[in-house]
Amino acid sequence: MRTTLTLSLLLGCVSAVWACAIAYRPGSRMGINEEAALIVYDPQAKMQHFIRQANFNTDAAYFGFLVPTPSMPQLAEVGDSLFGGLQSFTLPETRTQVVWRDRSLFDWGVVRTTFAAGALSDRATPKAVQVVDQQKVAGLEATILRATDAEKLRDWLNQHGYEARPALTEWLKVYVDQGWYLTAFQYKKSNDKAPTFRSRAVRISFATDRPFYPYREPADSRENAPAGPRTLRLFYATTDRVAGKLGTDGTWPGRTVWSAPLSNLQRERLQRDLTDPRPDAKLSATAVQLPETLWLTEFEDTASPRPGTDEVYFQKSDSQDEVKRPAFIVNEYRERINPREIIAVSVILGVMLLGVGFLTLRYLRSPAAS
């Protein structure tokens, strides 16, 4: 009996609708523990590179997701060190400050303490659905699709093992009407019983005049959004500081938590990390060429439910000021004698010395001394 894939949105996860989750059996548990994403945009070539990596929390042995793009996508891998490097770029500055703690003059011993604080083959394909390309990348199977009818595209998904719910048709129709491509990715866990799965970083490159993050969600997913925050952490690298808008003029709840130019050494490291590490990498994918002057912005979106009625589009920010996280303070505690006690003891000793001097002088002037 053919295994059925269940197509459903990742609710309670950190991703917007870049990912329509696909589980191989109905009722499978699906979620994302954490996700990191990077957008690199070349304004001269009008080329967007999107890289995504996530830790999935699922009991399904096979699963995947759909990715919509406005033009034919090119697929590649990137090294696993990419997001670790990005996080190191945006760490808060570390500062050391000396904090003095007064010790009583009458205590014995000195205590010094230092510590840190803070911290698929195309079978019976309808004419309205076209399989453009198929390849394997980052340990997953990828099928690039293009359709002219959303309902027939959903039928194609069902014919090829996906249980695509009817409510998904409206979401698919938005991209079908715009002539966008959809890439279907499939994962297979090496250990079927493992409760989690960590995907390798995948790069999707495509031409676009308006750089964006696909944020649109089906209506039923927004209505049934789970309680609690859904954290989306998005890095954006280009020539300037950027800002995001929902659609044309809408407000996106993502906030800028870090934004500044990268140093030459940081740019060189990012360029290396964006290189496809496979010796037999598919050469059709356009290589990422970072500009000489590179500005990195990090966004954080914790909204739930999300206003996923459109994509988030990016443009140059009105403000080009740098944004940094609050400094990470390392307190070095040192002890010293309480200065008030020192003053008090000094006064007492002074008075005593004056008294002794006075008495001595008086004694020397007395008849008995003579």
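Because the model is predicted, local features need pLDDT of at least 70 and side-chain atom pairs count only at pLDDT 80 or more, while totals for chains, interfaces and linings use all residues. Residues are numbered from 1 along each chain as its sequence is written, and side-chain values use heavy atoms, with hydrogens and water left out.

The structure holds 12 salt bridges, a salt bridge being a side-chain nitrogen of Lys or Arg within 4 Å of a carboxyl oxygen of Asp or Glu. Helices (H or I, at least four residues) and strands (E, at least two) are DSSP runs, numbered from the N terminus. Buried means under 20% relative accessible area, exposed over 50%, and partly exposed in between (1.4 Å probe, protein chains only).

- E311 and R216 form a salt bridge with an N to O distance of 3.3 Å. E311 lies in the loop between β19 (295–301) and β20 (312–316), and R216 in the loop between β15 (212–213) and α4 (219–223), so the pair ties together parts that are 95 residues apart in sequence. Both E311 and R216 are buried.
- E300 forms a salt bridge with R233, with 2.5 Å between the closest N and O atoms. E300 is in strand β19 and R233 in strand β16 (residues 232–238), so this pair ties together parts that are 67 residues apart in sequence.
- E300 counts as buried because its relative accessibility is 14%, whereas R233 is partly exposed at 23%. Salt bridges that share partners join R233, R255, E298, E300 and R325 into one network.

**Strands**

- Two strands pair if DSSP finds at least two bridges between them. β16 and β19 run antiparallel and are joined by seven bridges, with L234 opposite F299 in β19.
- Six of the seven residues of β16 are buried, so this strand is largely enclosed by the rest of the structure.
- An open sheet of three strands has the order β15-β20-β17, with antiparallel pairing. β15 and β17 (242–246) stand at the edges with a single partner strand each, so one side of each has no neighbour in the sheet.
- Two bridges pair β15 with β20 in the antiparallel sense, and F212 stands opposite Y313 in β20.

**Helix α2**

- The buried residues of α2 are A150, L153, R154, W156 and L157. They lie on the same side of α2 because they cover an arc of only 155° around the axis, the arc being that of the directions from the helix axis to the C-beta atoms.
- E151 forms a salt bridge with R154, the closest N and O atoms being 2.8 Å apart. Both residues lie in α2 (residues 150–159), three residues apart, about one turn of the helix.
- E151 is partly exposed, with a relative accessible area of 34%, while R154 is buried at 11%.
- D149 caps the N-terminal end of α2, with a side-chain oxygen 2.9 Å from the backbone nitrogen of E151.

**Surface patch**

- I343, V347 and V351 form a nonpolar surface patch with about 290 Å² of accessible area together. Accessible areas come from the Shrake-Rupley method with a 1.4 Å probe; for residues, only the protein chains shown count as cover.
- Patches are made of residues with over 30% relative accessible area and no salt bridge; like charges are joined within 9 Å and nonpolar side chains (Val, Leu, Ile, Met, Phe, Trp, Tyr) within 5 Å.
- I343 is found in helix α6 (residues 339–365) and is exposed, with a relative accessible area of 55%.

Terms used. A polar contact is a pair of N or O atoms within 3.5 Å; within protein, one must be able to donate a hydrogen and the other to accept it, and residues adjacent in sequence count only if both atoms are side-chain atoms.
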